[in-house]
Number of protein chains: 2
Amino acid sequence: MVNETQHTCSTSSSSKSDGGSSSGSESSKDSSRCSTPVLDADRHERLREKMRRRQDSGDKWFSLEFFPPRTANAAVNLISRFDRMGAGGPLFIDVTWHPAGDPGSDKETSSMIIANTAVNYCGLETILHMTCCNQTKDDITGHLQKAKRLGLKNIMALRGDPVGEEWEEEVDGFNYAVDLVKHIRNEFDDYFDVCVAGYPKGHPEAESYEADLRHLKDKVFAGADFIITQLFFRAETFLKFMKDCQAIGITCPIIPGIFPIQGYHSLRQLVKLSKLEVPQEIKDVIEPIKDNDAAIRSYGVELAVSMCRDLLDSGMVHGLHFYTLNREVATTEVLKRLGLWKEDPRRPLPWAVSAHPKRRVEDVRPIFWASRPKSYIYRTQEWDDFPNGRWGNSSSPAFGELKDYYLFYLKSKSPREELLKMWGEELTGEESVFEVFTCYITGEPNKNGYKVTCMPWNDDPLATETNLLKEQLEKVNRRGILTINSQPNINGKPSTDPIVGWGPSGGYVFQKAYLEFFTSSEIVTALLKVLKKYESRVNYHIVNVKGQNITNAPDLQPNAVTWGIFPGREIIQPTVVDPVSFLYWKDEAFALWIEQWAKLYEEESPSRMIIQYIHDNYYLVNLVDNDFPLENCLWQVVDDTFELLN
Amino acid sequence: MVNETQHTCSTSSSSKSDGGSSSGSESSKDSSRCSTPVLDADRHERLREKMRRRQDSGDKWFSLEFFPPRTANAAVNLISRFDRMGAGGPLFIDVTWHPAGDPGSDKETSSMIIANTAVNYCGLETILHMTCCNQTKDDITGHLQKAKRLGLKNIMALRGDPVGEEWEEEVDGFNYAVDLVKHIRNEFDDYFDVCVAGYPKGHPEAESYEADLRHLKDKVFAGADFIITQLFFRAETFLKFMKDCQAIGITCPIIPGIFPIQGYHSLRQLVKLSKLEVPQEIKDVIEPIKDNDAAIRSYGVELAVSMCRDLLDSGMVHGLHFYTLNREVATTEVLKRLGLWKEDPRRPLPWAVSAHPKRRVEDVRPIFWASRPKSYIYRTQEWDDFPNGRWGNSSSPAFGELKDYYLFYLKSKSPREELLKMWGEELTGEESVFEVFTCYITGEPNKNGYKVTCMPWNDDPLATETNLLKEQLEKVNRRGILTINSQPNINGKPSTDPIVGWGPSGGYVFQKAYLEFFTSSEIVTALLKVLKKYESRVNYHIVNVKGQNITNAPDLQPNAVTWGIFPGREIIQPTVVDPVSFLYWKDEAFALWIEQWAKLYEEESPSRMIIQYIHDNYYLVNLVDNDFPLENCLWQVVDDTFELLN
């Protein structure tokens, strides 16, 4: 009987919140209940699908272009900028390709590595530019293979600039962007989304505007998915170009490139490179104020906002592409004034998701790396599945080794001198260390007048959520319970809660209270006595650097400490306290004492020996209060411990 | 660094509630987070391990012996008895092997099929007896292979009775139980747990008591895991036997067989078969009251309780095996008086788990079969994994066909005449059907004075939980919303709650309100208008027999409607509303109208045509209120619908 009935939905009313309907089954969708429930459609779509969906729903979007930096320090700063500007909700970012800068190499400043970082560590949908002139087919294929391997899914196919002044065609070489588009489609089928450049005024080297349009059509027909245009200064320039494209049969999305004027010199340089002409009415405004950067930027923002409004109002434009010049202020200002900047970014999960295609089903992480997400991504980059089978299996060498944790984008952003000011030029005992932890929590300056804005275990300043626990945290750190991670208990707050919310609206989020800290063996001894009283309520793991491990967790099972219940979905439990990965985290957490802190001091110096002592003798402790509907008992546990010691 | 550190737990404090410790990793344990968290250690252990664990923890246990019935009706009754007596918490049951009754066949009364039902449908750990004399090696191997295929894991290896009066050894045949034990170990390695019989007074055919002890030792050394003894009448008989066994090196568990005397004739018959002698002091009591069944049973219970107390008090006995003679009262009484009957059985999951080894990781089911669990087990018996990949995949023919749903243990326990009395000798219109549903809910007699104690969609009487909703259910059934399944919303009750609790103690359980019913297309039209107002809160699936399907569920994803949060574990979500399996359930739910109800009436009769009309024209509706912390809005939805219709 079952097999005689067709299980299709002949009528269907789609849910507003998802824009998805139940009719038809998607063959590509993972069918197991182990797969990530589709919390965030974005994670499962390729860029061209996202674009189409946003266009269909009338939801305007923006994207941001960056170029690779020259120095490692600048790269670290650019990546912080990715994190900050990523919060505004770009549909994608793109990274330009500088043939002179060894763009396909493994250097921390190469186009390839910057794009890799954007995708994998910042979770941004990313287009990598690639030029083809003066390169062999093998070089290009090599670059594309590497991009694919790193999880990059989108290529902007460009010709690139000739080496000399004059353009010379190479026989059998890649002479035009269309050759690269064809090559990508031949060699990689439909794997990449391919973007090509459009020139609203025609390419400066084209015989004519019309001829250039025909070249563009060739690129699209060779397999490009969408077009991003060169910058322009008047909305009508773009709108005419778009109509002309449509007239000759180009139907893919065409995204206008927006250049907010940010300064006199950058404008002149760009105009020179792009061989564009600045309209007289703009020159008339700028020339008189050319030495007043603020005035020019303010004018540039006005001009861009006005032009963008015209474009959006035309009904022909659904997304805007910004040439940021790696700067934040002007572009962010324009986006905010246009209402495109997401003021309250909804988090699909409580941690920032990675954009690597193989991580798109990742929906659970151990809590330990909450403040070092890039390290977690790095150390699990060789995993094949998310979640994979490693949660309960202590025999699997699941985590990447630690040796590379000094990788540039994981290392502290602060130079040694600054760290010494924060963490102490000279430590006089364990108490000086307690003080550093306490100052980090309170935000008060240390006794030399410096604020402690980062710690070896925290990539970023204190989370807003942690502020909820500030008072108690201060008290315990002062007495030698050196906290590095914590979360309050939450008993069913709306998923839209600005501090602890995540996931689609209409849901409820929950947390078990969590506290993780280093502390002395003396305190551990007292703590263990106290924990007997809380045996059935509190789970604990206590471990020292040698791996001596004390726990009451049943059978090495993970303990879910963050979960959410949503309309029409399975339960999501994105954060767990996993006994197995805790032992990997333990190695990292202890090593940070030495690598980030002890090594600031001379060998054999008393300061260094104090840190070394802590590293050798302290325990790393985590506590979970399983009774999330009751008041968090972990502070009581700590209080009882101190009382026992007195 | 990671690889240099040994991840073992050098100190470990085990959690009391689980008896498990974190030290050491179990290689046999499934390592994926998709596997069932170990909610219930029982499900993952073999019988001999369970026995050992109970012995180590000092937790006394009991087991129950049954024989296969003669008729299909008696089989249906016996299976109900399994369900009822299973609730008392036996460690296992065993089913005897009657060579004359075609014990290995597929008949509904065969030993094999009764044991199969006990394991797979009643979720009971089961030992299948098997005798070997007068059978070929191939026959025996065939039986064992079949038992394995059906999920049976334990065999009681017996010789069996000779065909004639005198025993004749067969050359190369199976002459003794030890031959069968050896055969099982040779052919099936360690797959089965093997039990053998012990004779506290010596086997009647043995040369001597001592010789019989040596035979027993041979059986144990050939690979038996434990011993169950023949019945006896005095505790000292067993205790002496046990000491004698230990003296000659038998160290495996020896379980005393307890026979509560239930009547004069059954005692006489058993004594004749077993060639045992009833002690004079017992005869002296029984003979004078031999015609007073109640008095004998009462004496039998006293005697058994007293003897069991002596056995347990000896410190040598950890479990008691009861010869029930397929009767409930006496054994249950003895167990209750001994305090071994579990008064408040803790449910490991909100539905009864199956004991088939391949289902031991099953931790999620669609809610639709909540009242027909045997049908669900039957229709998913070909699945390889629980949970498997079928939740989200509409293209997979995941469910077994319906054609066999009249299988004996699925069919109604009530004969046609009784059903007609309950459901109406003659229906006069749809309203007569509404009345049947209403009477089932209220428990009030129908207008002919009969109580409606079952419905085609419910194997069993109304669940305690459903009583929480009784008043509202009555109201809506009266008006043609014919409910077949429902659950109230629960916002974090303790897992030990007597009505809605499940899983280990210390946890919290949750539910989303659920309502499932048949109703007319007129009501569906109004309901759909009302549901617009509840779009973001209520998920619905509405389908008719032809498969026309109206839903607002996103992307065919399952909606978790029952879940639990426990100390030190991942979230468990044992019940879901799964859009894909709903369409399989729909076929079954509609077919039950015809197969169980319409067919009670003559073809072309008005009564039959009324049911046929409902089958052809009504819709099956399910509603989930996603806002579980708020008051259930589904009654408001139904009220609004009725209001709209007025």
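Tutor: Let us start with Val220(A), which touches Ile227(A), Ile250(A) and Cys252(A) when residues up to four places away in sequence are not counted, where contact means that heavy atoms lie within 4.5 Å. This is a predicted model, in which local features need pLDDT of at least 70 and side-chain atom pairs count only at pLDDT 80 or more, while totals for chains, interfaces and linings use all residues. Residues are numbered from 1 along each chain as its sequence is written, chains are lettered from A and ligands numbered from 1 in the order in which they are written, and side-chain values use heavy atoms, with hydrogens and water left out.

Val220(A) belongs to helix 6 of chain A, residues 209–221; helices (H or I, at least four residues) and strands (E, at least two) are DSSP runs, numbered from the N terminus. With a relative accessible area of 12%, Val220(A) is buried, a word that stands for under 20% relative accessible area, whereas exposed stands for over 50% and partly exposed for what lies in between (1.4 Å probe, protein chains only).

Leu340(A) sits in the loop between helix 11 and strand 9 (365–366) of chain A, and its relative accessibility of 13% makes it buried. Once neighbours within four places in sequence are set aside, Leu340(A) is in contact with Lys60(A), Trp61(A), Phe62(A), Gly88(A), Leu320(A) and Leu335(A). Asp59(A) is 281 residues from Leu340(A) in sequence, while the C-alpha to C-alpha separation of the two is 9.5 Å.

Asn326(A) lies in the loop between strand 8 (319–323) and helix 11 (329–338) of chain A, and it has a positive phi of about 60° although it is not a glycine. Asn326(A) counts as buried, at 11% relative accessibility.

In chain A, domain 1 covers 41–164 + 171–335 and domain 2 covers 371–645. Taken over C-alpha atoms, the centres of these two domains of chain A are 41 Å apart, and their contact takes twelve residues from domain 1 and seven residues from domain 2. Between them, domain 1 and domain 2 of chain A bury about 890 Å², 69% of it on carbon and sulfur atoms, where buried area is the accessible area (1.4 Å probe) that two parts lose on being put together, summed over both. Of the area that domain 1 of chain A buries against domain 2 of chain A, Val76(A), Glu108(A) and Tyr121(A) supply 61%, more than any other three residues.

Across this interface of chain A the rule finds zero salt bridges, a salt bridge being a side-chain nitrogen of Lys or Arg within 4 Å of a carboxyl oxygen of Asp or Glu. On the side of domain 1 of chain A that touches domain 2 of chain A, the elements that give two or more residues are helix 2 (72–86) and helix 3 (111–120) of chain A, and helix 2 of chain A gives the largest share, six residues.

How values were computed. Domains from an automatic or database assignment.
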